[in-house]
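Reader: Hi! I'm new to this one, could you walk me through it?
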Amino acid sequence: MENSSESDLFMSKISKENDFLLGTIYIIFGVLSLMGNTTLLFVAYRKRSSLKPAEFFIINLSISDLGMTIFLFPFAIPSAFTHRWLFTEVMCMCYAFCGVLFGICSLSNLTVLSSVCWLKVCCPNYGNKFSSSHARFLVAGVWCYAAVFAVGPLSGWGQYGSEPYGTACCIDWHAPSYSTPAMIYIICLFFFCYIVPCTIIILSYTLILVTVRGAQHAVQQHVSPQNKISSVQTLIVKLSVAVCIGFLMAWSPYAVVSMWAAFSDPDLVPPVAFALAAMFAKSSTLYNPMVYLVFKPSFRKSLCRDATKCKRTLCPCMCQTDSQQKATASLSKLNTKDNCNHTWVSNGLNETHQSSRHCPKRQTGHYLDITPQKTARILVGSTQSEVAVSQLSIEMNSDFL
């Protein structure tokens with residue numbers, strides 16, 4: 001990077017105002033991604049004993065997102081603010097290697113997750129046999145698959161170089177114009193790391209959607225509208241679809257611009273287009289923790305429980321005051337109650353708790369308090385049964401929480 005030609009490659013090709021805006025956005029993305037993914041990993045560690053096999057892929061996705069945040073943002077942010085790549089050519093290759101490794105790992109991880117969801121929903125006879133050991137094996141396979149394409153340019157199959165906008169590094173999109181191995185690498189990368197994963201993801205969730213709708217139609221024919229079954233599998237599928245859509249929306253602009261540069265003259269592609277596409281690609285690190293921490297009940301409740309413990313540890317005086325106020329309020333409610341016989345009747349559903357009170361005049365005594373029991377309807381084939389949630393296994397019980 002000592003001669004003028006190499007120095008020009010690492011100079012920014014966009015305006016200083018756009019670079020400053022890009023650096024500011026990268027700071028926001030980096031902070032949110034670091035907080036979100038570390039929080040998600042902490043919650044997963046706290047509930048590690050009750051993790052389901054499919055949730056191993058969510059943890060792996062957070063690890064790859066966190067790796068991209070740690071190894072890419074600290075180099076991209078100062079380079080954007082200084083209007084040039086600040087580091088050496090070796091660091092440029094390391095930056096590009098990490099970007100390809102973690103990016104392909106995330107996309108491959110989502111592909112495997114969609115296939116596992118399809119197996120569990122559409123083929124339950126085989127999906128129920130999917131265990132944690134299978135999940136660990138597939139996670140290792142995802143990293144090996146990503147490593148093959150990340151190591152390729154380091155071994156002569158393809159090349160790493162500066163991005164067309166100058167302040168970051170990735171695959172050298174000029175190399176296919178004069179190198180046949182580089183062209184073959186780009187074609188394989190586009191086909192096996194974008195077209196095939198996207199096809200599998202779309203096909204898997206389409207089949208899942210058809211299966212879930214068919215199951216809902218069958219349930220509506222056998223169960224009254226007041227007692228519809230809320231499927232945990234449907235929730236997992238919705239969350240997985242949300243993460244996949246966010247990831248594909250983030251990476252699709254970069255894939256389109258990259259193919260434009262690889263199969264035509266790269267100089268015809270505006271540098272701003274590459275800069276915006278790279279910014280959208282880096283935003284993919286935000287979606288996974290946002291979706292699962294906000295919308296998955298077990299993760300959200302675990303986070304709230306840990307936050308409450310932390311609050312009690314850091315602010316014991318405040319928590320003690322709050323508990324005293326709650327105790328006083330509960331005692332006042334008890335003192336205002338009439339002495340009468342209570343009989344509570346519940347059908348087991350949260351939305352339809354019913355109660356009846358029998359309070360004969362001028363009659364006092366002890367009251368009967370029957371706590372409502374939550375029940376779950378289990379559909380097996382065309383038959384259904386209703387059991388108490390407390391009688392389910394620990395794994396099934398955690399789904400209802």
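What follows is a chat about helix packing and cavities.

Author: Happy to! This is a predicted model, where local features need pLDDT of at least 70, side-chain atom pairs count only at pLDDT 80 or more, and totals for chains, interfaces and linings use all residues. Residues are numbered from 1 along each chain as its sequence is written, and side-chain values use heavy atoms, with hydrogens and water left out.

Reader: Great. At what angle do H2 and H9 pack?

Author: Helix H2 (residues 16–46) and H9 pack at about 10°, and their axes are 10 Å apart. Helices here are DSSP runs (H or I, at least four residues) and strands are E runs of at least two, numbered from the N terminus. Axes are lines fitted to C-alpha atoms, for helices over the stretch in contact, and angles run from 0 to 180 degrees between N-to-C directions.

Reader: So what do we call H2 and H9 relative to each other?

Author: They are roughly parallel, a label for angles under 35 degrees, while angles over 145 count as roughly antiparallel.

Reader: Which residues meet there, between H2 and H9?

Author: Asn18, Leu22, Ile25, Tyr26 and Phe29 in H2 meet Val272, Ala275, Ala278, Met279 and Lys282 in H9, with contact meaning heavy atoms within 4.5 Å. By class, that contact has eight nonpolar, one polar and one charged residues. Nonpolar covers Ala, Val, Leu, Ile, Met, Phe, Trp, Tyr, Cys and Pro; charged covers Asp, Glu, Lys and Arg; the others, Gly among them, are polar.

Reader: Nice. How do H3 and H4 pack?

Author: Their angle is about 160°, with the axes 9 Å apart. That makes H3 roughly antiparallel to H4. The contact of H3 with H4 has 17 nonpolar, seven polar and one charged residues.

Reader: What lines the largest cavity?

Author: It is lined by 26 residues, and Gly99, Val100, Cys170, Trp251 and Tyr254 lie nearest its centre. H4 gives the largest share of that lining, seven residues. The lining divides into 21 nonpolar, three polar and two charged residues.

Terms used: 1 Å grid on protein atoms, 1.4 Å probe; cavity = no way out; pocket = protein on both sides within 12 Å on 5 of 7 lines; lining within 4 Å. Parallel < 35°, antiparallel > 145°, perpendicular 65-115°, else oblique.
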